[in-house]
Each structure stands twice: as structure tokens, then as C-alpha cells.
Amino acid sequence: MTALFKRRRAALATALLAATAAGWLPVAAQAQPAFPSRPITLIVPFAPGGIADVTARAVAEAMGQTLKQTVVVDNRPSAGSIVASQAVASAKPDGHTLLLMSNGNAVSVGLFKKLPYDTVKDLQPISTLGFFDLGIVVPASSPFKTLPDLLRHAKANPGALKTGTIAVGSTQHLAAKLFETVAGVELLTVPYKASPAVLMALRSGEIDVALEIVGPMMAQLKAGEIRALATTAGQRNAALPDVPTVQQAGLKDYDVSSWNAIAAPAGTPQPVIDALQRAIASAVADAGVRTRLEALGMRLQASTPAQARELLARDIQRWGAVIKAAGIQPE
């Protein structure tokens, strides 16, 4: 090594040290700031008090304990989860603003002509929280004791059975439309504004059958006011172990669940995503969280970011096809 080369190398090292001390190096070359550096906001696209809100608050509290920082729930309900999703999609991608994502985000892609954000490109799913099975339920006085009983009647009387769901484009409504396709039956779908109205109509005999998330029906099911013929996921619901799945009742191609996940703005640094995923997984595994949410009929399950992205993409494709087949016009 020549004396000239040694002098040049020493000069370069001195210059780099000076630049680092003065803060002149590019941001990428400097250490990432500590995360989280302030409270985290989890924006929830549903009103306070519902299952999604209860889920968000239980998980947020447990995440905060892991991250040593408060996770604040901010409710911003709107059609299609658009307001909350846009707020997160346009937020600074530093991990301090998160979204409680659901299958409603996948449905909105096919249900609305144009969204003010790109669900796939602008949002980064971090992990699922869990899944909510739906139940196919009838009044306690119904002559249908099993799902095959109902299907035989539906096939013999096309369009006669009145089926209650919540609003057009909801998971419940689309699950009913998919059920018709898979079962090869025609039902008369009656949409209501909210789950309590569906259950009231069911108990009064105003409708013959309903597709609804298991959680809101649990009290009525336990009281014997309504009866579940089947649940909609590929496995039995732990809260209703004696109720068969739709697949077990004979419809092998039917597997539907609502789900919740947590997402960040696209571009959030990978170390931050990793830290959040670990905190979410810890929250989902927490015994207190599990006890609280399993009582609502939720199947808790954390995931990797890649698995959460795959779930979102799969549901965008599936529900888009159902919306098109059912002739539901985008808004």
C-alpha cells in the first residue's frame, strides 16, 4: 500500500466522521428512530360498542403493553370503511397510524366504482386478528331441523323462503348470494339496517331464515329463541360445537367468514412492520384477550404480513365475482 493511498484513505475516513457528526449523511445511512416514539392511533371504521370495536379495544390494550406505548382507538364509521381507510392510506408511513381492516375493505373494491385510495397499493396489511363465522339460523318454531331440510324446501319452492341479512353489499348479504349459487336455490333476500333488526324479524316469523355473524346471535341461541342449522366456515365454531358446518351439511364449496386485521400505510419501514406484527401476535395469544373475544364467537388467529395480504387479495377476487354475478351495481 503506497503512502499516498494511505493518506487518501485516512482523509476519507475523517470526512465521513465529520459528515456523520454534522448530520450530512443521507437518511438511509443513519439509524432508524426508535419505534414507537409516541402514542399509536388505531382507526376503526365502525361505531363504538360493536364486535369490531370491542375487538379493536381488546387488542389495542394488549399491544400497548408490548410496545410500551398507548394505542388509542379512533372510531370513524362510514359506508365501505372508506373514511377510516382513506385516513390511514394518506397518513405518514411511520407506524403510528393504523387501520382495523376487515373483509369489508375487500368488498368495497367491487362495490364502489371509485375509491379515494388503492386498497392493495396504499395499505399494508400487517396481521390478521381473527375470524367471525356466520350462522344460518331459523326461528325456534321452524319446521326445518337441519340444513338439508331447508334446502329441500327451497329447491321445491324457488323464491319462497324469506332470508334476512343486513344491508346490500354487506358480508351477510353477499354470503347469502354465494349460498344461493353454491346450493343451487333461489331465496328472497330481505335486507335490514342492522343485526338486531334481523334477529327481531327472525323471532317474530317475519323471515324464515337469516345469515348473520354468530356473535350477535349468541344470547338468542343459548336462550333457545332461534336455532342454528349450520355455521359457514370450514371448521366448526368453538362456541357452537354441536352445530355442523355448511360443508359438513353437504355443500363442499362453501366456506365464508368475516375477518379483522390491522394494516398500516404503504411504505411503512419493514422494522416497524415487524415490531407491530410481533405486538399483534402477542395480543392475539394473550389469555385475557382470547377469553374476551372467543365469548363473542371469534376465532383468533394472527398471521404474517404476507398471509394477510393474500387473504385480502383472495377476498377482493371472490367478493368481486359474487357482486358481479348477483348483478349488484357499484355505487
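**Close-up views**

**View 1. Lys 68, in the loop between helix H2 (51–67) and strand S2 (71–75).** Helices (H or I, at least four residues) and strands (E, at least two) are DSSP runs, numbered from the N terminus. The model is predicted, so to speak of local features pLDDT must be at least 70 and side-chain atom pairs count only at pLDDT 80 or more, while totals for chains, interfaces and linings use all residues. Residues are numbered from 1 along each chain as its sequence is written, and side-chain values use heavy atoms, with hydrogens and water left out. Most residues other than glycine have a negative phi, and most peptide bonds are trans. Lys 68 is not a glycine, yet has a positive phi of about 60 degrees. With a relative accessible area of 73%, Lys 68 is exposed (exposed means over 50% relative accessible area, buried under 20% and partly exposed in between, with a 1.4 Å probe and protein chains only).

**View 2. Ser 81, in the loop between S2 and helix H3 (82–89).** Is Ser 81 buried or exposed? The relative accessible area of Ser 81 is 4%, and the residue is buried. Although Ser 81 is not a glycine, its phi is positive, at about 60 degrees.

**View 3. The peptide bond from Phe 35 to Pro 36.** This bond is cis, with omega near -5 degrees. For Pro 36, look in the loop between helix H1 (3–22) and strand S1 (40–44).

**View 4. The aromatic pair.** The structure holds 1 such pair. Phe 179 and Tyr 254 have ring centres 5.8 Å apart and planes at 85 degrees, so they are edge-to-face. Phe 179 belongs to helix H7 (residues 171–183), and Tyr 254 to the loop between strand S8 (226–231) and strand S9 (257–265), so the pair ties together parts that are 75 residues apart in sequence. Both Phe 179 and Tyr 254 are buried. For the cut-offs: rings of Phe, Tyr and Trp (its six-membered ring) pair if their centres lie within 6.5 Å, with planes under 30 degrees apart counted as stacked, over 60 as edge-to-face and the rest as tilted.

**View 5. The two sides of helix H6 (residues 147–156).** Which residues of H6 are buried? They are Leu 147, Leu 150, Leu 151 and Ala 154. These four cover an arc of only 100 degrees around the axis, which puts them on the same side of H6 (the arc is that of the directions from the helix axis to the C-beta atoms). Arg 152 and Ala 156, on the other side of H6, are exposed. The packing partners of the buried residues of H6 are strand S4 (123–139), H7, strand S7 (209–213) and S8.

**View 6. Where H7 meets helix H12 (residues 305–325).** Two packed helices are described by the angle between their axes and the distance between the axes. The axes of H7 and H12 come within 10 Å and cross at roughly 70 degrees (axes are lines fitted to C-alpha atoms, for helices over the stretch in contact, with angles from 0 to 180 degrees between N-to-C directions). H7 and H12 are therefore roughly perpendicular to each other (65 to 115 degrees, with under 35 counted as roughly parallel, over 145 as roughly antiparallel and the rest as oblique). From H7, Leu 174, Ala 175, Lys 177 and Leu 178 meet Arg 318, Trp 319, Val 322 and Ile 323 from H12; contact means heavy atoms within 4.5 Å. Arg 318 also lies over the face of Trp 319, at 4.7 Å from the ring centre (NZ of Lys or CZ of Arg must be within 6 Å of that centre and within 35 degrees of the ring normal).

**View 7. Ser 303 and Gln 301, in the loop between strand S10 (298–300) and H12.** Ser 303 is buried, at 7% relative accessibility, whereas Gln 301 is partly exposed, with a relative accessible area of 41%. How many residues separate Gln 301 from Leu 129 in sequence? They are 172 residues apart along the chain, with a C-alpha to C-alpha distance of 5.4 Å. Beyond its neighbours within four places in sequence, Gln 301 is in contact with Thr 128, Leu 129, Gly 130, Phe 131 and Val 284. With neighbours within four places again left aside, the contacts of Ser 303 are Ile 126, Ser 127, Thr 128, Gln 277 and Ala 308.

**View 8. Val 54, in helix H2.** The C-alpha atoms of Val 54 and Leu 296 are 9.4 Å apart, although 242 residues separate them along the chain. Not counting residues up to four places away in sequence, Val 54 touches Gly 49, Arg 292, Leu 293 and Leu 296.
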